[in-house]
Amino acid sequence: METLDPSLVDWSRAQFALTAIYHWLFVPLTLGLGVIVSVMETYYYKTGDEEWKRIAKFWMKLFGINFAVGIATGIILEFEFGTNWSNYSWFVGDIFGAPLAIEGIMAFFLESTFIAVMFFGWNKVSKKFHLAATWLTVIGATISALWILVANAWMQFPDGMHFNPDTVRNEMASFWAVLFSPVAMSKFTHTVTSSWIVGSAFVITISAWFLLKKRELQLAKRSIKIAAVFGLLGTLLAAYTGDSSAYQVAQKQPMKLAAMEGLYQGQNKAGLIAVGLLNPSKKSYDDGVNPFVFNIKVPGLLSLMANRNINSFVPGVNDLIDGGYPKVSKSGEPGIALSAEQKMEKGTLAVLALKDYKLARKAGNDSLAKVNQAKLEENFPYFGYGYIKDKKELVPNVPLTFYTFHVMVIIGMYFILFFILIWWMNNKNTLHSQKWVLWLSLLGLPLAYICSECGWIVAEVGRQPWVIQDIMPANMAVSQISAGSVQTTFILFAVLFTVLLISELSIMIKQIRKGPEGLN
Amino acid sequence: MIKALKSVFRFYYEGFREMKLGKTLWLIILVKLFIMFIVLKIFFFPDFLGTRFKTEAEKADFVGNQLIDRNTNP
C-alpha cells in the first residue's frame with residue numbers, strides 16, 4: 001500500500017479553499033451588480049432620463065473594476081487540478097472537462113465580446129444595441145456560472161456517467177443527466193439568487209455612504225430603489241432555492257445535512273435548530289457526549305425540509321455510520337441503509353475487482369476480465385469507501401459546517417427584514433435622515449460576503465472526505481507530490497491574492513470617492 | 001466586409017485609446033496574466049501526468065496503479 005504524507009492532502013485542500021474563496025469575492029458581485037446595472041440602463045432606455053444613464057455608468061465602472069481584477073482568478077483552480085489533483089482530473093475525464101470547455105468557449109466569449117460594447121459603445125452604437133450588450137454580458141456571466149456549478153454539482157451527486165476500467169476514467173453516458181441533475185439545478189438557482197443579494201448589498205452600502213456624506217443624493221436614492229427591491233427578490237428566491245438545496249442534500253448527502261444540524265442521533269419529527277451552541281467537549285460521534293450546550297429548535301421542520309414529511313425520520317451521524325434504518329434507494333425501492341463497514345467492504349471489493357480486471361486483461365483472459373468488470377460495476381457506487389481507513393473519516397468537520405450553515409441562514413433572514421426596511425424608508429423619503437439605518441447599511445456588504453462564502457464552506461466542508469461523493473475521497477485524488485511544494489505555492493497565492501485585493505479595493509474606493517463623472 | 005472589419009477595428013481602437021481608468025485595469029490584467037501563465041503555470045504548476053507520461057495509455061496505467069496501491073485493504 002502506498003503511503004501519503006497526510007499534510008499533503010491538508011495543504012492541497014487549504015490551497016484550493018484559499019483560491020476558491022478568493023475567486024468567490026468577484027463572481028457574486030459580477031452576477032449581482034451586472035443585473036442591477038442592466039436594470040438601471042433599461043430605465044434609461046425606457047425613460048430617456050439622462051440621470052439614469054449617469055447612474056448606470058457609475059455602477060458600470062465599479063462593475064468593470066471588479067470584473068477586471070477578478071478575471072482569470074478561476075484559472076488557478078484549473079492549474080491546481082492538473083498539478084495537485086491529477087488522479088482526480090484523470091478519473092473524472094470528460095464529465096468535468098466538458099462543462100468547463102463549454103464555459104470557456106460559449107459563455108466566456110459571449111461575455112467578453114459584449115463587455116467591449118458595454119464599455120466602449122456609449123454614443124457609438126444605438127441605445128437599444130448597447131442595452132442588449134449589457135444584458136448579454138450579464139447573461140453570459142450567469143451561463144458561465146451555470147457550467148461551473150454543473151461541474152461542482154456532479155461532484156456532489158455523480159450521475160449520468162459510466163466508469164471505464166480500461167481508461168480509468170468516467171465517461172459521460174448522458175449529458176442531460178449531468179446538466180439537469182436536480183443538485184445542479186438547485187445549486188445554480190441558489191448560487192445565482194444569493195449573488196443578487198451581494199450585488200444589492202454592494203449598491204446599498206455605497207449609496208448609504210453617499211447619503212451619510214450628503215453627496216449624490218439622487219443617485220443614491222434611485223440606486224437604493226432598485227437595489228432594495230432586487231435584493232429582497234434575491235433573498236426570497238435564495239430562501240426558496242435554499243430549501244430545494246437542503247432537500248437535495250438530505251436525499252443525496254445525508255451526512256452533510258447531519259453535520260449542518262449537529263444531528264448525531266436520528267429522529268422522527270426532527271426539529272430544525274434555530275440557534276444553538278455546540279458542546280466543545282464533543283470530540284467524536286461515538287463518545288456519548290451531548291452535542292449541544294444549548295439549542296432552540298423549530299419542531300418537525302428538519303423532517304419537513306429533508307423529506308417533505310413532518311413526521312419522517314432524519315438520520316443522524318451515528319445512524320449513517322451504523323446503518324440499519326429504513327431507507328428508500330435511488331431507484332425508489334424501500335430498503336435498509338448500509339453501515340459504514342458494509343460500504344467499506346463493498347468499496348474494497350470494487351478496488352480489488354479493478355485490480356483483478358487489469359491483471360486479467362494483461363493476461364488476455366477476457367472471460368475473467370468480464371467477471372471482474374461486472375463485480376466492479378456492481379460495487380462502483382461505493383468505490384471511494386475502499387480508501388477509508390477508519391469510519392470516523394466519514395464524518396466531516398461538524399462545528400465548521402454547523403456554524404457556517406447557521407450564520408448563512410441567520411444573515412439571509414436578516415436581509416429579508418433589511419431590504420424591506422430600506423425599501424420602505426427610501427420610498428417614504430426618510431432614509432437619508434435616519435443615520436442609524438445608514439450606518440447599519442454600511443454593514444450590508446461585509447454581511448453579504450460572509451453569507452455567500454459561508455454557503456460555499458457548508459457545501460464543500462460538509463461533503464468531506466469526498467471529492468466525488470462516495471466514489472473518490474481527497475486522499476485518493478491528490479497527486480504524489482511533495483507537501484513542501486504545495487506549501488510554497490500556498491504562500492505565493494496568499495501574497496498574490498492580497499496584493500490584487502488591495503489594488504482592487506484602492507481603485508474601487510478611489511472611484512467611489514470620485515463619484516459619477518461630471519457632477520462635481 | 002472590409003468596411004465592416006474596419007469599423008470594428010476603429011471601434012476597439014478608439015475604445016482603447018480613450019480609456020482612462022481602463023488603462024490601469026488592463027495593466028493589472030496583463031501583469032496578473034503574466035504572473036499566472038508565465039511564472040506560476042510554468043514553474044510551479046506543471047501538468048503532473050503530462051510531464052511524466054507521453055501517451056494516454058501510460059497515464060491511464062499510472063492512475064489505475066495509484067487507485068489500486070492506495071486501497072487501504074489490499
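H7(A) passes H15(A) in a left-handed crossing; a crossing is left-handed if the near helix is turned anticlockwise from the far one by less than a right angle, and right-handed if clockwise. The model is predicted, so to speak of local features pLDDT must be at least 70, side-chain atom pairs count only at pLDDT 80 or more, and totals for chains, interfaces and linings use all residues. Residues are numbered from 1 along each chain as its sequence is written, while chains are lettered from A and ligands numbered from 1 in the order in which they are written. Helices (H or I, at least four residues) and strands (E, at least two) are DSSP runs, numbered from the N terminus.

**Helix H7 against helix H15, chain A**

- Helix H7 (residues 182-212) of chain A packs with helix H15 (residues 435-442) of chain A at an angle of about 140 degrees, and their axes are 8 Å apart.
- Axes here are lines fitted to C-alpha atoms, for helices over the stretch in contact, and angles run from 0 to 180 degrees between N-to-C directions.
- H7(A) and H15(A) are therefore oblique to each other; angles under 35 degrees count as roughly parallel, over 145 as roughly antiparallel, 65 to 115 as roughly perpendicular and the rest as oblique.
- On the H7(A) side, Ile204(A), Thr205(A), Ala208(A), Trp209(A), Leu211(A) and Leu212(A) meet Leu438(A), Ser441(A) and Leu442(A) of H15(A), where contact requires C-beta atoms, placed from the backbone, to lie within 7 Å.
- Sorted by class, this contact of H7(A) with H15(A) has seven nonpolar, two polar and no charged residues; Ala, Val, Leu, Ile, Met, Phe, Trp, Tyr, Cys and Pro count as nonpolar, Asp, Glu, Lys and Arg as charged, and the others, Gly among them, as polar.

**Helix H1 and its partners, chain A**

- The axes of H1(A) and H7(A) come within 7 Å and cross at roughly 70 degrees, which makes H1(A) roughly perpendicular to H7(A).
- Residues of H1(A) that meet H7(A) include Pro28(A), Leu29(A) and Gly32(A), and their counterparts in H7(A) include Trp196(A), Gly199(A) and Phe202(A).
- The contact of H1(A) with H7(A) holds twelve nonpolar, four polar and no charged residues.
- Helix H1 (residues 6-47) of chain A also crosses helix H8 (residues 217-252) of chain A at roughly 130 degrees, with axes that come within 10 Å, and that makes H1(A) oblique to H8(A).
- The crossing of H1(A) and H8(A) is right-handed.
- Val35(A), Ile36(A), Val39(A) and Met40(A) of H1(A) make this contact with Ile226(A), Ala227(A) and Phe230(A) of H8(A).
- The contact of H1(A) with H8(A) has seven nonpolar, no polar and no charged residues.

**Nonpolar core and a buried residue**

- The largest nonpolar core has 162 residues, and those with the most contacts inside it include Ile36(A), Met40(A), Trp59(A) and Met472(A).
- Such a core is a set of buried Ala, Val, Leu, Ile, Met, Phe, Trp, Tyr and Cys residues joined through C-beta atoms within 7 Å.
- H1(A) gives the most to this core, with 16 residues.
- Leaving out residues up to four places away in sequence, Met472(A) touches Tyr88(A), Phe91(A), Gly384(A), Trp466(A), Val467(A) and Ala477(A).
- Phe402(A), in helix H14 of chain A, is buried, with 24 other C-beta atoms within 10 Å.
- A residue is buried if 20 or more other C-beta atoms lie within 10 Å of its own, exposed if 12 or fewer, and partly exposed in between, with C-beta atoms placed from the backbone.
- Apart from neighbours within four places in sequence, Phe402(A) is in contact with Ala259(A), Met260(A), Gly262(A) and Leu278(A).

**Backbone points to check by eye**

- Most residues other than glycine have a negative phi, and most peptide bonds are trans.
- Asn123(A) has a positive phi of about 70 degrees and is exposed, with 7 other C-beta atoms within 10 Å.
- Asn429(A) has a positive phi of about 60 degrees and, with 9 C-beta neighbours inside 10 Å, counts as exposed.
- The peptide bond from Gln464(A) to Pro465(A) is cis, with omega near 10 degrees.

**Where chain B meets chain A**

- In chain B, 33 residues are in contact with 42 residues of chain A.
- H2(B) supplies the largest share of the side of chain B that touches chain A, twelve residues.
- That side of chain B has 20 nonpolar, seven polar and six charged residues.

Technical notes: Contact = placed C-beta atoms within 7 Å.
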